[in-house]
Amino acid sequence: MAAPHVIGPELRPLASSAGPTYPPPAHPDRETVRFRPFLDPTMSDPWQRDQFPILRNKTYLNSCSLGALSLRSEEYLREFLDRWHSMGASAWYRHWLGRIEDLRGRVAAVHGAPAAQMALLPSTSVALSAVAEAVPTSGRNRVICTELDFPTLVYQWRTRPEIELVVLPSPDGVRIDLEQFADAVDERTLFVATSHVYFATGYIQDLEGLARIARDAGAYCLIDGYQGAGQVELDLPATGVDFYTSGPLKWLLGGPGLAYLYVRDEWVRSLEPRLVSWFAHRRQFDFDVSTFEPHEDARRFEMGTPALPTVHTALGGQEIVDQLGIPAIVKRNRELTDRLVERVLEEGMTLSIAPSDHRSSIVMIQHPDPSAAVRSLADRDIIVDYRPGHVRVSPHFYNTEDDVERFVAGMTG
Ligand SMILES: Cc1ncc(COP(=O)(O)O)c(C=O)c1O
């Protein structure tokens with residue numbers, strides 16, 4: 001190969017010989033930008049409502065669709081745009097590759113995992129396809145999903161004629177029992193592929209139980225954790241799940257455009273993805289087309305240039321979540337959810353709700369015309385959502401008991 005064309009000090013590739021080392025070395029000139037402290041040190045507002053401008057004008061109870069945008073995220077986004085203006089492409093090596101690693105480190109921590117087990121992808125759907133294409137089938141072709149899973153998970157298998165898809169029915173429209181998974185899994189099973197928290201019932205599944213059932217049958221356990229990360233404490237390596245997808249859009253307050261993929265340690269190096277990209281190559285900046293050598297960490301699953309605006313907004317949301325801490329968020333969300341449940345029951349509404357030990361911050365209220373109810377609430381600046389037959393309400397730490405009261409008044413008034 002001809003000697004590389006030298007394009008100036010700013011554009012010298014950062015990671016040309018990063019090889020198997022992780023994390024990649026930081027650019028020597030990279031400065032760390034210090035933002036003004038963003039959490040009120042007096043803690044007069046312990047849940048940082050001032051960080052979220054939408055709360056000034058709306059009763060926002062729809063975090064399971066889209067987490068609120070923080071000033072912190074906006075500040076990061078502005079930094080990104082300023083550097084785009086002032087530095088152009090040289091910001092990649094000086095700053096933006098580093099921002100990607102900043103995000104990866106924080107995201108890994110919130111999943112209880114090392115950064116080397118975390119990949120950044122464009123969407124959950126892409127992450128699921130990357131996993132589906134990476135595992136050797138060893139003659140297995142059965143996949144177990146449920147009727148409560150988010151459709152994008154089930155669709156992965158519907159389009160593959162070689163797959164025998166089993167969709168488990170719910171006995172009550174809220175949950176699927178572990179025994180149902182155990183009964184459906186056999187020596188032909190390739191994946192148990194289901195949700196951590198069901199998007200339209202809020203039921204939290206038992207990850208250890210699901211992973212055990214899959215492992216005992218020699219199958220992989222693939223979890224769609226989009227509704228888990230940020231509202232449930234995670235220690236993924238301890239659960240034994242093989243793959244877990246999540247993203248910044250909802251409870252992690254980072255906006256659309258990215259997804260996260262956790263890969264169990266055992267599979268990080270041994271699986272060879274078939275959907276690949278130059279970001280998955282261990283010598284990305286050698287631009288060598290003669291071989292494909294995957295990273296020795298979860299970056300081998302990555303699928304090209306990540307959405308940098310979202311890397312920045314996700315960092316802002318993630319910093320707030322990290323500062324507050326998931327245990328405190330779980331506790332606060334539980335207080336709000338308990339109050340909401342109590343109040344709507346007092347008002348004679350009917351819930352489709354998980355038992356207390358499987359309950360998350362997604363509350364489903366039965367309604368004959370939920371879309372009309374959601375529109376009417378929006379007219380009163382109360383933002384919730386609907387799914388078939390239900391109004392869906394999802395309080396997060398920045399909500400208050402007053403928000404719950406306003407919602408109840410809106411539903412009954
Ligand atoms: C459980 C769950 N999985 C996946 C998604 C979205 O998947 P994607 O990132 O492919 O749009 C959502 C919601 O947007 C969801 O609630």
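Tutor: What follows goes from the helix pair to the ligand shell and then to the sheet. This is a predicted model, in which local features need pLDDT of at least 70 and side-chain atom pairs count only at pLDDT 80 or more, while totals for chains, interfaces and linings use all residues. Residues are numbered from 1 along each chain as its sequence is written.

Helix 4 (residues 124–134) and helix 5 (residues 151–158) pack at an angle of about 35 degrees, and their axes are 10 Å apart. Helices here are DSSP runs of H or I with at least four residues, strands are runs of E with at least two, and both are numbered from the N terminus; axes are lines fitted to C-alpha atoms, for helices over the stretch in contact, and angles run from 0 to 180 degrees between N-to-C directions. The crossing of helix 4 over helix 5 is right-handed, a term used when the near helix is turned clockwise from the far one by less than a right angle. On the helix 4 side, Thr 124, Ser 125, Leu 128, Ser 129 and Ala 132 meet Thr 152, Leu 153 and Gln 156 of helix 5, where contact requires C-beta atoms, placed from the backbone, to lie within 7 Å. By class, this contact has 3 nonpolar, 5 polar and no charged residues, with Ala, Val, Leu, Ile, Met, Phe, Trp, Tyr, Cys and Pro counted as nonpolar, Asp, Glu, Lys and Arg as charged, and the others, Gly among them, as polar.

Turning to the ligand, the residues around it include Thr 124, Ser 125 and Thr 152, together with Ser 123, Phe 150 and Asp 224; a residue is near a molecule if its C-beta atom, placed from the backbone, lies within 6 Å of it. The shell divides into 4 nonpolar, 7 polar and 1 charged residues.

Helix 5 also lies across strand 3, strand 4, strand 5 (189–195) and strand 6 (220–224), and runs at about 155 degrees to strand 3. These strands belong to an open sheet of 7 strands in the order 2-8-7-6-5-3-4, with mixed pairing, where two strands pair if DSSP finds at least two bridges between them. At the edges are strand 2 (118–121) and strand 4 (164–168), each pairing on one side only. Strand 3 (residues 142–146) runs parallel to strand 4 and is joined to it by 5 bridges, and Cys 145 stands opposite Val 167 in strand 4. Helix 7 (residues 207–216) lies across strand 5 and strand 6, at about 150 degrees to strand 6.

Key
Two residues are in contact if their C-beta atoms, placed from the backbone, lie within 7 Å.
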